[in-house]
Amino acid sequence: MNPKETIKKNLARRSEVVDNVNFYKGIPLPTWVELSLIDACNRKCIFCPKVDENIAPDTFQKMSRKMIDAIHDQLLEIKYSGTISLCGYGEPLLHKDINYIVKKLSNVSQVEVITNGDVLSSKRLQELFLSDVSKVLVSMYDGPDQIEKFKEMTRNANIPEEMVILRDRWYDKYNDFGVKLTNRAGTIKTGKQEKIGSYTNCYYPTYQFLIDWDGNIYLCPQDWNRRVSMGNVMQESIFEVWTGKMISIFRKNLLKGKRCSLPCSNCNADGTLLGKNHAKAWNKIYK
């Protein structure tokens with residue numbers, strides 16, 4: 001496996017979903033919604049803010065069923081048809097209601113689980129399959145010997161092989177650990193990082209957002225400081241937040257290449273890898 005090829009393949013797969021723009025009341029809808037189910041992870045990877053307890057401590061706070069139901073209803077109302085990604089700021093399989101969550105949200109659209117695979121088993125894979133999960137993406141951090149381990153696990157689960165996507169993540173800092181390495185909006189300095197200011201335009205808030213365990217909505221999964229909430233799903237609807245004043249300010253600035261306020265001013269991520277179609281749609285609206 002080649003880390004750069006894996007990243008390229010993942011971006012190509014995501015673009016098939018992301019670049020399919022749908023509208024609701026004349027507004028381009030997001031096509032990628034990420035949920036952070038639990039604020040805890042069993043690993044401390046050096047390229048992740050979770051490695052530093054002063055930045056991202058494990059609080060073990062988790063998303064409630066009531067909130068999952070609210071997210072389900074709100075996405076259903078706007079006829080959401082993108083992907084729901086279960087990942088965020090923690091390991092989603094540590095949430096005890098993971099099967100309920102997948103089953104509930106699969107009523108809306110396809111649901112992907114991104115996991116480090118440590119608590120994965122054939123039984124859990126089968127349960128996720130029966131809950132109608134779309135994909136299980138396993139980030140392998142320990143070495144190529146994990147490939148056969150997870151392939152055998154998939155065979156024993158008696159599920160479609162294509163449901164499980166294995167991603168090589170066991171590389172060193174010289175190979176960016178097999179991830180699209182960024183500074184996570186100023187919280188990580190590991191590896192060879194692009195200088196802040198290398199990228200200006202960003203399409204993230206034109207096609208996606210992240211919902212944290214407490215219902216707060218953030219611009220994107222780069223924002224590990226979680227200081228600027230766009231709104232909360234228990235106080236206003238997802239569509240109201242998506243079209244609201246706060247996210248609109250960020251969206252307009254980033255489309256103009258202005259990373260002029262936090263968290264964007266501290267971010268070195270290339271935000272134009274995906275979302276070109278959404279960016280065009282929003283530019284038409286703003287003009």
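What share of the contacts in the chain with a separation of 6 or more comes from residues 24 or more positions apart? In this predicted model, the figure is 72%.

**Overall build**

The chain holds nine helices and ten strands. Its radius of gyration is 18 Å, close to the 19 Å that the globule rule gives for 287 residues, so the chain is as compact as a globular protein of that length. As for burial, 55% of the 287 residues are buried.

**Nonpolar cores**

In soluble globular proteins, nonpolar side chains tend to be buried together. Here the largest nonpolar core takes in 68 residues, and the members touching the most others are Leu 35, Ile 71, Leu 86 and Ile 211. Take Leu 86 as a worked case: leaving aside residues up to four places away in sequence, Leu 86 touches Leu 35 and Leu 37, then Pro 92, Ile 98, Ile 101, Val 102 and Leu 105, and also Val 111, Glu 112, Val 113 and Ile 114. There is also a second, separate core of eleven residues, with Cys 48, Leu 210, Tyr 218 and Trp 224 among them.

Searching the whole structure turns up three cavities of 30 Å³ or more.

| Space | Volume | Lining by class |
|---|---|---|
| Largest cavity | about 110 Å³ | ten nonpolar, one polar, two charged residues |
| Second largest cavity | about 80 Å³ | four nonpolar, two polar, two charged residues |
| Second largest pocket | about 220 Å³ | four nonpolar, two polar, four charged residues |

Which residues sit around these spaces? The largest cavity is lined by 13 residues, and nearest its centre lie Cys 202, Tyr 204, Cys 220, Cys 264 and Cys 267. Around the second largest cavity, the lining consists of Ala 185, Asp 223, Asn 225, Arg 227, Val 228, Leu 262, Pro 263 and Asn 266.

The second largest pocket has ten lining residues, and those nearest its centre are Thr 6, Lys 9, Ile 165, Leu 166 and Arg 167. Two elements give two or more residues to that lining: helix H1 (3–18) and strand S7 (164–168). H1 gives the most, with five residues.

How values were computed. Residues are numbered from 1 along each chain as its sequence is written. This is a predicted model: local features need pLDDT of at least 70, side-chain atom pairs count only at pLDDT 80 or more; totals for chains, interfaces and linings use all residues. Side-chain values use heavy atoms; hydrogens and water are left out. A nonpolar core is a set of buried Ala, Val, Leu, Ile, Met, Phe, Trp, Tyr and Cys residues joined through side-chain atoms within 4.5 Å. Buried means under 20% relative accessible area, exposed over 50%, partly exposed in between (1.4 Å probe, protein chains only). Contact means heavy atoms within 4.5 Å. On a 1 Å grid over the protein atoms alone, a cavity is a set of points where a 1.4 Å probe fits but cannot get out, and a pocket is an open set with protein on both sides within 12 Å along at least five of seven lines; lining residues have an atom within 4 Å of a point. Grid points are joined across faces, edges and corners, and a volume is the space filled by probe spheres set on the points. Ala, Val, Leu, Ile, Met, Phe, Trp, Tyr, Cys and Pro count as nonpolar, Asp, Glu, Lys and Arg as charged, and the others, Gly among them, as polar. Helices (H or I, at least four residues) and strands (E, at least two) are DSSP runs, numbered from the N terminus. The radius of gyration is taken over C-alpha atoms; the globule rule is 2.2 Å times the number of residues to the power 0.38.
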